Amino acid sequence: MSTFNSADIAAFTGGVWVFCEQRQGKMMSTSYELISEGRKLADELGTKLYGILLGHNIEGIAKELGGYGADKVLVCESPLLAVYNTDAYAKVICDVIEDLKPEAFLIGATNIGRDLGPRCAARLHTGLCADCTHL
């Protein structure tokens, strides 16, 4: 049984995270926009900014994110993640969040983001703010 408790706010000190969306090995522009906004939020909170990138054969594009302000990029690499699948992506992201406990997790309002965000929030028993235009 998991000991994850989303109500234990003090345990969430793992920085600000951004879901970096890629399709067919190409980074989506929303990822760069969110990394830039995430950088501002991380600086304001005095913490690190992490990108999380899921897919297959994506090591090369992960390096691009540092130039936009990411301190580190967590790469989840598997042939099973090559094409977006809601359950697979949600499982991986939720497992990593339960383990590393970020302070905030940003997801773009793309088709994938609108599918993935609520699924992760429900699994993690946490809130979700949709369509934010200012942090």
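**Figure 1. N57 in the loop between β4 and α2 (59–62).** N57 sits in the loop that joins β4 to α2 (59–62) in this predicted model. Helices (H or I, at least four residues) and strands (E, at least two) are DSSP runs, numbered from the N terminus. N57 has a positive phi, near 60°, and is a residue other than glycine. Most residues other than glycine have a negative phi. Is N57 buried or exposed? N57 counts as exposed, because its relative accessibility is 63%. Buried means under 20% relative accessible area, exposed over 50%, and partly exposed in between (1.4 Å probe, protein chains only).

The model is predicted, so local features need pLDDT of at least 70 and side-chain atom pairs count only at pLDDT 80 or more, while totals for chains, interfaces and linings use all residues. Residues are numbered from 1 along each chain as its sequence is written, and side-chain values use heavy atoms, with hydrogens and water left out.

**Figure 2. H125 in the segment after α4 (111–124).** H125 belongs to the segment that follows α4 (111–124). Its phi is near 55°, a positive value in a residue other than glycine. H125 counts as exposed because its relative accessibility is 65%.

**Figure 3. Helix α1 and what covers it.** α1 has 17 residues. From first C-alpha to last, α1 reaches 25 Å, close to the 24 Å expected at 1.5 Å a residue. The expected span is 1.5 Å times one less than the number of residues. Which residues of α1 are buried? They are S31, Y32, L34, I35, G38, R39, L41 and A42. An α-helix has 3.6 residues a turn, so residues three or four places apart point the same way. The cover over the buried residues of α1 includes β1 (16–20), β3 (26–27), β4 and β6 (104–106). Contact here means heavy atoms within 4.5 Å. After α1 comes G46, with a positive phi near 70°.

**Figure 4. T47 in the loop between α1 (29–45) and β4 (49–55).** T47 is located in the loop between these two elements. T47 counts as buried because its relative accessibility is 17%. Its side chain makes a polar contact with the side chain of E103, at 3.2 Å. A polar contact is a pair of N or O atoms within 3.5 Å; within protein, one must be able to donate a hydrogen and the other to accept it, and residues adjacent in sequence count only if both atoms are side-chain atoms. Leaving out residues up to four places away in sequence, T47 touches T13, G15, V16, R39, A42 and E103.

Figure 5. The whole structure holds 4 aromatic pairs. One of them is W17 with F105, edge-to-face, at 6.3 Å centre to centre and 75° between the planes. Rings of Phe, Tyr and Trp (its six-membered ring) pair if their centres lie within 6.5 Å; planes under 30 degrees apart count as stacked, over 60 as edge-to-face and the rest as tilted. W17 lies in strand β1 and F105 in strand β6, so the pair ties together parts 88 residues apart in sequence. W17 is buried at 1% relative accessibility, whereas F105 is partly exposed at 22%. F19 and Y89 also form an edge-to-face pair, with 6.3 Å between centres and 75° between planes. F19 lies in strand β1 and Y89 in helix α3 (residues 86–100), so this pair ties together parts 70 residues apart in sequence. F19 is buried, with a relative accessible area of 3%. Y89 is buried, also at 3% relative accessibility. Ring pairs link F19, Y84 and Y89 into a cluster.

Figure 6. The whole structure has 1 cavity of 30 Å³ or more. On a 1 Å grid over the protein atoms alone, a cavity is a set of points where a 1.4 Å probe fits but cannot get out, and a pocket is an open set with protein on both sides within 12 Å along at least five of seven lines; lining residues have an atom within 4 Å of a point. Grid points are joined across faces, edges and corners, and a volume is the space filled by probe spheres set on the points. The largest cavity has a volume of about 30 Å³. Its lining is F19, E21, T30, S31, L34, I107, G108 and T110. α1 gives the largest share of that lining, 3 residues. The largest pocket holds about 1,200 Å³ of space. Of its 37 lining residues, F105, L106, I107, L128 and C129 lie nearest its centre.
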